[in-house]
Amino acid sequence: MPELPEVETSRRGIEPHLHNRKISDVIIRQHKLRWPIPKNLPSLATGQKIRQVCRRAKYIYLKLDSGSIIIHLGMSGSLRICSAKTAPQKHDHIDIIVSSNKILRLRDPRKFGCVLWQPGDIDEHKLIAPLGPEPLDDEFDTRYLHDRASKRTCSIKSLIMNSHIVVGVGNIYASEALFRAGINPKRKAGNISLLRIQKLVDAIKLTLSLAIEQGGTTLRDFTGSSGQPGYFAQKLLVYGRTSEPCTVCGNNIKQITQQGRSTFYCARCQR
Ligand SMILES: [Zn+2]
């Protein structure tokens with residue numbers, strides 16, 4: 001599943017091809033994604049210039065003059081830029097064609113993604129409005145997370161994965177950040193000192209920044225026609241490394257299940 005770094009990498013990959021381009025057509029081949037693509041999207045968007053290509057949480061949106069096209073990649077979606085002559089494949093559900101004769105094409109085999117329209121301010125959209133701050137924004141700081149954690153009895157892992165608290169900390173990055181911060185993922189959120197919360201905030205920012213940086217090296221793939229553009233193999237410290245030695249102490253990495261999701265951690269390094 002594309003997580004925040006993949007989505008940000010996708011945004012950076014498509015932006016140069018779309019910024020300030022006029023939309024000349026929108027072709028919808030499959031309306032039935034997670035939510036139906038609005039039937040009138042072509043008439044709403046055609047003729048308008050793409051002013052900005054932005055990201056909020058795991059949503060990419062194309063900001064036009066009268067509103068925004070919101071795109072979510074769901075479980076298996078990917079975006080690519082191709083020439084107008086490139087024939088669509090089976091799971092290519094929507095094309096947004098711009099004035100340079102390039103196409104922004106969404107491929108989504110499992111159809112859990114979405115393409116929606118929001119007139120006016122994007123922050124008022126029902127999917128966007130309830131979201132917490134961006135993890136890389138200054139608003140997400142030690143004081144903020146400590147306040148949100150106080151008196152909470154849920155695990156620290158489930159707190160940082162709660163999109164009302166902070167967006168974009170998916171299952172992989174939660175395990176990785178907690179390892180970097182030396183915090184046991186099972187620990188109650190409300191029981192963690194300010195100093196350790198500070199370490200965690202720094203670790204979340206570092207983990208996501210490194211992943212975005214790593215994704216940047218795959219940008220050329222966005223104009224290719226094969227593979228999974230924007231998805232990248234990552235160097236992970238604990239995630240998926242069950243029974244392998246911890247990179248710090250050599251102890252075996254443990255795997256447990258929390259809220260139905262796998263958690264990976266080092267019981268010696270993380271307290
Ligand atoms: Zn260790």
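**Close-up views of a predicted model**

**View 1. Valine 26 and isoleucine 96 are bridge partners, the latter in E6.** The model shown in this and the following views is predicted. Strand E6 comprises residues 92–98, and between E1 and E6 there are 5 bridges in the antiparallel sense.

**View 2. The open sheet that contains E1 has 4 strands.** Their order is E1-E6-E7-E5, and the pairing is antiparallel. From one strand to the next, the twist averages 20°. Helix H1 packs on this sheet, where it touches E5, E6 and strand E7 (102–107). The direction of H1 makes about 30° with that of E5.

**View 3. Helix H1 covers residues 4–18.** At 1.5 Å a residue, its 15 residues should span 21 Å, and the end C-alpha atoms of H1 are 20 Å apart, which agrees. Buried residues of H1 include Leu4, Pro5, Val7, Gly13, Ile14 and Leu18. Glu6, Glu8, Thr9 and Ser10 of H1 are also buried. After H1 comes asparagine 20, with a positive phi near 65°.

**View 4. A further open sheet is made of 4 strands in the order E2-E3-E4-E8.** The pairing in this sheet is antiparallel. Strand E2 (52–56) and strand E8 (114–119) each have a single partner strand and stand at the edges, so one side of each is left without a neighbour in the sheet. Ignoring direction, neighbouring strands of this sheet are turned by 25° against each other on average. H1 lies across E2 and strand E3 (59–63), and it runs at about 170° to E2.

**View 5. E2 and E3 form a hairpin with 2 residues between them.** In the turn, alanine 57 has a positive phi of about 55°. The two strands, E2 and E3, run antiparallel and are joined by 5 bridges. Opposite glutamine 52 stands lysine 63 of E3. Of the 5 residues of E3, 4 are buried, so E3 is largely enclosed by the rest of the structure.

**View 6. A hairpin through 3 residues joins E3 to E4.** E3 and E4 run antiparallel, with 5 bridges between them. Lysine 63 has serine 68, in E4, as its bridge partner. Strand E4 (residues 67–72) is also joined to E8 by 6 bridges, and E4 and E8 run antiparallel. Here isoleucine 69 has tryptophan 117 of E8 as its bridge partner.

**View 7. The domain assignment divides the chain into domain 1 (4–124) and domain 2 (142–265).** The C-alpha centres of domain 1 and domain 2 are 28 Å apart. The chain as a whole has 6 helices and 10 strands. Its C-alpha trace spans about 55 × 35 × 30 Å along the principal axes. A compact globule of 271 residues would have a radius of gyration near 18 Å, and the chain has 20 Å, which agrees. Of these 271 residues, 38% count as buried. Among contacts between residues at least 6 apart in sequence, 66% join residues at least 24 apart.

Conventions:
Residues numbered from 1 in each chain as written. Predicted model: local features only at pLDDT ≥ 70, side-chain atom pairs only at ≥ 80, totals over all residues. Expected span 1.5 Å × (residues − 1). Buried ≥ 20, exposed ≤ 12 C-beta atoms within 10 Å, placed from the backbone. Pairing = 2+ DSSP bridges. Axes fitted to C-alpha atoms, helices over the stretch in contact; angles between N-to-C directions. Contact = placed C-beta atoms within 7 Å. Domains from an automatic or database assignment. Rg over C-alpha atoms; globule rule 2.2 N^0.38 Å.
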